[in-house]
Amino acid sequence: MPSKNAIQGEKGLLCPKCSHLNPSNLNQCEYCNSQLFVKCKKCSAKVQRVFSQCPECRHRMHKSVFQKIKRRMFRRSKKITLGQTIFIVIVAFGAYKVITMAAGKM
Ligand SMILES: [Zn+2]
Ligand SMILES: [Zn+2]
C-alpha cells in the first residue's frame with residue numbers, strides 16, 4: 001500500500017469543500033479559504049480533511065467527502081418501492097375508470 005504522504009507530495013492538497021487542488025505547502029484552500037487539515041483527536045497529527053482515517057494512528061476521522069458522495073449517488077439510484085408502484089397503479093386505474101365513465105355519459 002503506497003503511503004498517503006507520497007500522494008500528497010505529488011498531487012497537492014485537495015480541498016474538501018470546493019475540490020480545488022492546492023499546492024502541498026498550504027494549510028488553507030487558496031480558492032475558498034477553507035481549512036485543509038484537521039488535528040487528529042487521538043494522536044494530534046495534522047491530517048488532511050479529505051482523509052477519513054488518520055494515517056498515523058488509524059483513528060477514524062469524520063466521514064470522508066467521497067463516502068458522502070457515494071451515499072448521495074446510492075440514494076438517487078434507489079428505485080421506487082413496491083408500495084409506491086401499487087399506489088401509482090391504483091391511482092392510474094381510478095383515473096382511467098373516471099375518464100371512461102365520463103366518456104360513457106356523454
Ligand atoms: Zn476550497
Ligand atoms: Zn491519529
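**A guide through the predicted fold**

Among the contacts in the protein with a separation of 6 or more, those between residues 24 or more positions apart account for 9%. The structure under discussion is a predicted model.

The protein contains 3 helices and 4 strands. Read from the N terminus on, these elements follow the order α-β-β-β-β-α-α.

The helix α3 covers residues 82-105. Its length can be checked by simple reasoning: at 1.5 Å a residue, the 24 residues of α3 should span 34 Å, and the C-alpha atoms at its ends are 35 Å apart, which agrees with that expectation. The surroundings of this helix may be considered next. A residue counts as buried if 20 or more other C-beta atoms lie within 10 Å of its own. Of the 24 residues of α3, the number that are buried is 0, so the helix lies largely in the open.

Gln35 belongs to the loop that lies between β2 (21-22) and β3 (37-39). Is this residue buried or exposed? Gln35 has 12 other C-beta atoms within 10 Å, and a residue with 12 or fewer is classed as exposed; Gln35 is therefore exposed.

When residues within four places in sequence are left aside, Gln35 is in contact with Gln28 and Arg49.

Terms used. Residues numbered from 1 in each chain as written. Chains lettered and ligands numbered in written order. Predicted model: local features only at pLDDT ≥ 70, side-chain atom pairs only at ≥ 80, totals over all residues. Helix = DSSP H or I, 4+ residues; strand = E, 2+ residues; numbered from the N terminus. Expected span 1.5 Å × (residues − 1). Contact = placed C-beta atoms within 7 Å.
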